[in-house]
Every structure is written in C-alpha cells, then in structure tokens.
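Biologist: Please take a close look at a single part of this model for me, and spell out the cut-offs as you go.

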Amino acid sequence: ENQSAGMLSAVEHLVRIQEDEDLDFVVCVNTEGETQKYAGDTNRYVSLGTIGKMMPVFYCVGRESHVGSHYEGLNANLLASAVNMVLEGSPEWADKVGSEVYPPPTALKHRDLRDVYSVTLPARAVTYFNYLFVNKTPGVALEMMKTVAREAFDMALERMRYSAERFSAKGDSVVEIRWQPKVITYNELVESVRESFDSASQDAAGLPMSSTTTKGASTQDPAAHLGRDVSPDLTASQASTATSSAFDLHIRAFVDGLPSDMDDRDKSISIMGEVLRHYEDKEPVIIVGFLPPFYPHRTNLRESSRELGIVRAVEELADQAKDSYGETLKVNEHFVAISDLSYVGFHGTREDILPLTENTPGWGRVYNLPVEALLKLNTPVLNIGPSGRDAHNFTERLHLPYYLGAYPKLLESLIERLSLIP
C-alpha cells in the first residue's frame, strides 16, 4: 500500500538475479484477492494482466482580493471545483479492452494551499486524481488533461460572468470580469522560469549567459539536475550532457529542505509552488502535470508463444475448477485493484514515459521509476487470488470455504501448468 516500495526496491535485484544466474522468468504470479463484481456474484476470477495508474494534478492559480471586493479577484477554489466537475467520473476517460470497461478518474484530494484563516480569496488550490488505464500513454493523458483544464477554466469564468451580470443588475454599477483562460504544463512552467531565473542570476552576478556541466554530475545522480526532472533510466544521454543552472541548484536546495516525512505528493505540490513563485506571469493559470506514484499496465497481448501458453493454462484451469470443484473461474484481462505486477515489465519505450518524467515535479529525487530494469524484465503476469468482498471497507472480508478448499489446489495446479511453458 506504500507506493509498492518493496516491489520497486526488488526490481533491480530481480534483474541482477536474471543476469547472474542466466534465468528466464516465464511468468510472475500474484495472489491478490479478487472481489465480487456485483451483489450475489459467486464467480472466482483470474486476471491475465494488471491495470495501470497515473495521478493527474491540476494546480490552479487565481487572483487574491479581499472578500469585500469579490469580483476583483478569482477564487482558485472555483477553478479547482470546475476541474472536478469536468473530470470526476468522466466516462470519456474510461479505458476499454474487449467487453471490459475500467473505472473513470476520481479526485483523491482537493484543497486550497494556505494554512491560516484569511478573508482573502484563495489564490492557489490543487486537485489531483486517480486514473486507471490500459491504453493511454502519459503523453496522450497530458493532452487530455489540458483539454479538461481549458474546459474547466471556461466553466469557471462563465460562472463568474453570470454572477457579475446578476450582481450588476441589483446595483447601479457594472461589474466586469477581465480574466482570460490560460493552461500550461508543468514542464512549460519549468522551462519558462529557468530561462528568466538564470538570466536574472547572471545579470546580478555581472556574468555573461553561459552554462557549464555540473561538477561530478552523472547518470547516477539525477538530483544534480532536479530542475530538469531527469531520470537516470529514461534520459541517460540527456543527463550525461545536462548543464547546471542557478535555477536547478535552487530547486535542488529547496527539495533538500523539505521534511523527510512529508508525503511525496505534497512534496511534488510544494515544488510546483516554489517554481511558480518565480514565474513572471502573475495572471490566473491552471498548471497540469503528474504526481507519484505511476503504475504501468501489464497486458497479455497474445503475441508471443509464452503469452499464448499462459492463456491456455488458465483455460485448462477453468475446466478443472468446474469439473473437480464446481467453481466457475472467470478470466479478466486486467486486475483492476492495482498491484505490484505493474513492476515486472513495461509496454513501450523510454520515450513513451518522457511526458511523465518531464511533468512530475521532483522526478529523480522525490520519485523515480527503474524503467531500464522493467524493460529488461519484461515478464508476463497473472493474478489468481482468494475471493472476497467490500475491499477497503470496514466490512472487507474473505470467503473462507473457497480460500481453504478449492483455491490452494487450483493455485498449485496452475503453477504446475505454467512450469511446462517453454
């Protein structure tokens, strides 16, 4: 439950074992519990893959004003609320494979970013979402997030104009709303601030604009270029030629000063706020990016003989479950409750993940993903677990007759079948 910290720490160890012992991992079997799909569901389930997860974040910047001058400002909570209205439960975002449709995005947190009571309109608010996927890449999701942010901004301003019009009609003065929608990515924010920050630093020092390689920087120290959000796995060539700047060093020092026990999502949000503090454009804006963690999806594409062998083994197991135990074993394409199976491979290339690394504040320092190791593992997955219901509720429970009866025998039989796959 802690960002799969244990599994992530094991990935590179698995690669070393694979290489040192000349092993070829056939399949990674997980035993996460499967829950009912509907009331009265008595089916048992096995999943040929596992769903992916990303965490879109929308950092909303309004304009402060005294509550007595409401229309002179723009409440950041209004922007964040509009984002929630557009994206929460959006069926357009729901991925689909065959007959399986996966859950839409849902907000995990929505709050303004001030700590004390004030009669000033909140200038900054943030909302972030859990998004489960099997088809979309971070690059595709980022473009969709920009569309959501623009729609939300328009919705918020329409609300402001409607309110101002009705308010004006009650009095003898006309209230105008002057704000214009603006949406940028976190990477665009970083690049803009870096340019202005470094230029100001050079001017203050009386030095010509130049850049030099960070002393001692290497692909083993992504934090040396934290402002650039580089990853040792994904942008090794970039990291080896990356240059230092006053901005990079400033952000690195800022991250080093954050409390060690601070939640990783709050760290990333704090980094966004610090970068934004140096942004020259002070007009309202919605900044889109990602927060940790990121779970790649794992899908049985039925392209290799090994993947096809796993499918056959599961089909044979379903026959055994029915004939020997009277159990109906249904096959899911993906385990939808998120699992460590995400970290035994990766569908795609390093370039596919760059929009994520470039738009996750603190990537390489706050959070990182060993994609190079995942590409080397590239192991098919399977989940077959006990049956239960009401996951993450106080009524969560296990069906003991199946767990202590047919399930362990079916698990053993499955392992035996899988061991015969070349």
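Modeller: Happy to! Helix 12 covers residues 406-418, 13 residues in total, and spans 18 Å from its first C-alpha to its last. That is close to the expected 18 Å at 1.5 Å a residue (the expected span being 1.5 Å times one less than the number of residues). Helices here are DSSP runs of H or I with at least four residues, numbered from the N terminus. This is a predicted model, where local features need pLDDT of at least 70 and side-chain atom pairs count only at pLDDT 80 or more, while totals for chains, interfaces and linings use all residues. Residues are numbered from 1 along each chain as its sequence is written, and side-chain values use heavy atoms, leaving out hydrogens and water.

Now for burial: Ala406, Tyr407, Leu410, Leu411, Ser413, Leu414 and Leu418 of helix 12 are buried (under 20% relative accessible area; exposed is over 50%, partly exposed in between, with a 1.4 Å probe and protein chains only). These residues cover an arc of only 165 degrees around the axis, so they sit on the same side of helix 12; the arc is taken from the directions from the helix axis to the C-beta atoms. An α-helix has 3.6 residues a turn, so residues three or four places apart point the same way.

For context, look also at helix 11, residues 400-404, which supplies three residues, the largest share, of a nonpolar surface patch. Tyr403 belongs to helix 11 and counts as partly exposed because its relative accessibility is 35%.

Conventions: Helix = DSSP H or I, 4+ residues; strand = E, 2+ residues; numbered from the N terminus.
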